Amino acid sequence: MMAAAVLVRIIGLLSLVSLLASARAFTPVALLRTRGGGCHQDSSLDQSTTPEVPKEELEIFERFSNFLQAKQREIIAQIEEIDGSGQTFSKNTWGIFDTDSDDLPKVGAGGITRVIQGGNVVEKGACSLTIIQNGVLSAERAAAIRARQPKDDDDDDEDDDFLIGSGDFYSAAALSIVLHSRSPMVPTFRSDVRIFLVQDVSSKERTRPVMAWFGGGADLTPYYLIEEDIRFFHNKYKEVCESYGQSYPDMKKCCDDYFYLPARSEHRGTGGIFFDDMEADEEGVLDFVQAVADAWMPSWLPIVEKRQPLDYTDEQKQWQKLRRGRYLEFNLLYDRGVKFGLQTANPRVEGVMVSAPPEIAFEYNHVVAEGSEEEKLMKILKNPIDWV
């Protein structure tokens with residue numbers, strides 16, 4: 001099991017990994033750009049040399065990558081069925097997925113971005129897959145990752161000797177989902193799982209030449225506080241955590257801490273779970289991460305089935321748009337992956353912004369009515385509670 005000291009870190013190594021194969025940015029293409037905005041692979045992906053990754057870590061990475069590809073197809077089918085509008089997900093492939101072959105090359109980067117718009121249930125949604133295989137870290141990127149590596153002077157774990165350096169090989173895989181509901185009675189759903197693997201080739205003296213970490217989570221952004229739904233959602237992930245010996249309270253706190261707008265002193269939504277820096281070779285960790293992804297649709301679709309038939313007013317739809325404005329505000333100002341993807345010219349900027357809501361509203365100094373359902377939600381967003 002992952003050490004408790006590592007579990008509770010919300011800004012650790014895998015947080016930076018999300019900038020490389022970001023679930024929240026939906027594309028790692030910024031890593032492959034020149035300063036002029038052109039896209040090339042020679043400086044980031046070594047096409048001539050494929051490093052030998054130890055069998056255990058390689059099997060974990062390949063098993064997880066295959067799981068993500070199958071999970072994306074499964075989720076697309078589920079959402080299209082429940083939406084019932086006839087709208088389907090578009091499909092945009094790039095890199096190693098831009099081929100008719102079922103066999104992916106062992107070196108390279110690529111992804112599949114699937115987007116649905118104008119549905120009955122999902123007004124806009126994205127389910128995006130990214131895989132990087134055998135990339136090479138530049139000195140700048142290695143230094144940035146080292147700056148985020150957890151350090152604990154009291155921890156004698158052998159991974160303290162694992163220092164990422166220039167020239168190290170890395171692989172990453174991530175699956176991300178964001179589903180913006182049409183009805184304000186149905187919460188927005190966001191989730192991701194990801195893996196990052198580094199092979200230390202910069203030193204011959206490391207006790208662990210390869211390390212891999214998992215991260216991920218799921219969270220809910222409601223527009224009206226139906227407590228039964230929020231408790232149901234949190235209980236799903238509490239059950240998953242407890243089934244694999246993980247700490248739901250720690251992961252819930254990490255989620256609350258991350259999805260927070262400090263300028264407004266409010267949280268983006270009612271949270272869920274969020275985890276980083278989970279060592280991939282620990283017993284049961286891969287199964288846990290896959291179980292989290294398996295819980296995504298079972299934690300959200302029952303809420304959809306209950307609340308989608310409910311009527312709503314134009315005023316309630318406007319409130320949803322105002323709260324969507326906060327969603328976009330968080331993404332642009334505080335989300336690490338989105339900020340990274342927008343720093344310079346990016347040929348896949350649409351992939352970075354795919355998580356944005358379809359319609360938003362900003363009103364100057366909007367004040368909710370005392371005793372209203374909107375005020376009820378805001379009280380929780382200001383002061384999160386324990387749901388289970």
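How many of the ten residues of β2 are buried? In this predicted model, nine of them are buried, so strand β2 is largely enclosed by the rest of the structure. The sections below place this strand in its surroundings.

## The chain as a whole

The chain contains twelve helices and nine strands. It has 388 residues, and 57% of them count as buried. Its accessible surface comes to about 16,300 Å², with 47% of that area belonging to carbon and sulfur atoms.

Contacts in the chain can also be sorted by separation along the sequence. Among those with a separation of 6 or more, 77% are between residues 24 or more positions apart.

## The sheet

Seven strands make up an open sheet, and their order is β1-β2-β3-β4-β5-β6-β9, with antiparallel pairing. Its edge strands, β1 (90-95) and β9 (271-279), each pair on one side only. From one strand to the next, the twist averages 5°.

In a regular strand, side chains alternate between the two faces of the sheet.

## Strand β2 and its partners

Strand β2 spans residues 108-117. On one side, β2 is joined to β1 by six bridges, and the two strands run antiparallel. Lys91 has Arg114 in β2 as its bridge partner.

Strand β2 also pairs with β3 (residues 122-136), in the antiparallel sense and over ten bridges. Within this pairing, Gly108 stands opposite Gln133 in β3, while Ile112 has Leu129 as its bridge partner. The two strands form a hairpin with four residues between them, where Gly118 takes a positive phi near 75°.

## Helices across the sheet

Helix α6 (residues 248-258) lies across β6 (210-221) and β9, and runs at about 105° to β9.

## A nonpolar patch on the surface

Which residues form a nonpolar patch on the surface? They are Leu332, Leu333, Leu342 and Val349, which together have about 290 Å² of accessible area.

Val349 belongs to helix α11, which covers residues 349-352. Val349 counts as partly exposed because its relative accessibility is 34%, a value between the limits of 20% for buried and 50% for exposed.

Conventions
Residues numbered from 1 in each chain as written. Predicted model: local features only at pLDDT ≥ 70, side-chain atom pairs only at ≥ 80, totals over all residues. Heavy atoms only, no water. Patch = residues over 30% accessible without salt bridge, like charges linked within 9 Å, V, L, I, M, F, W, Y side chains within 5 Å. Areas by Shrake-Rupley, 256 points an atom, 1.4 Å probe, with all protein chains shown as cover. Salt bridge = Lys/Arg side-chain N within 4 Å of Asp/Glu carboxyl O. Buried < 20%, exposed > 50% of the residue type's maximum accessible area, 1.4 Å probe, protein only. Pairing = 2+ DSSP bridges. Axes fitted to C-alpha atoms, helices over the stretch in contact; angles between N-to-C directions. Contact = heavy atoms within 4.5 Å.
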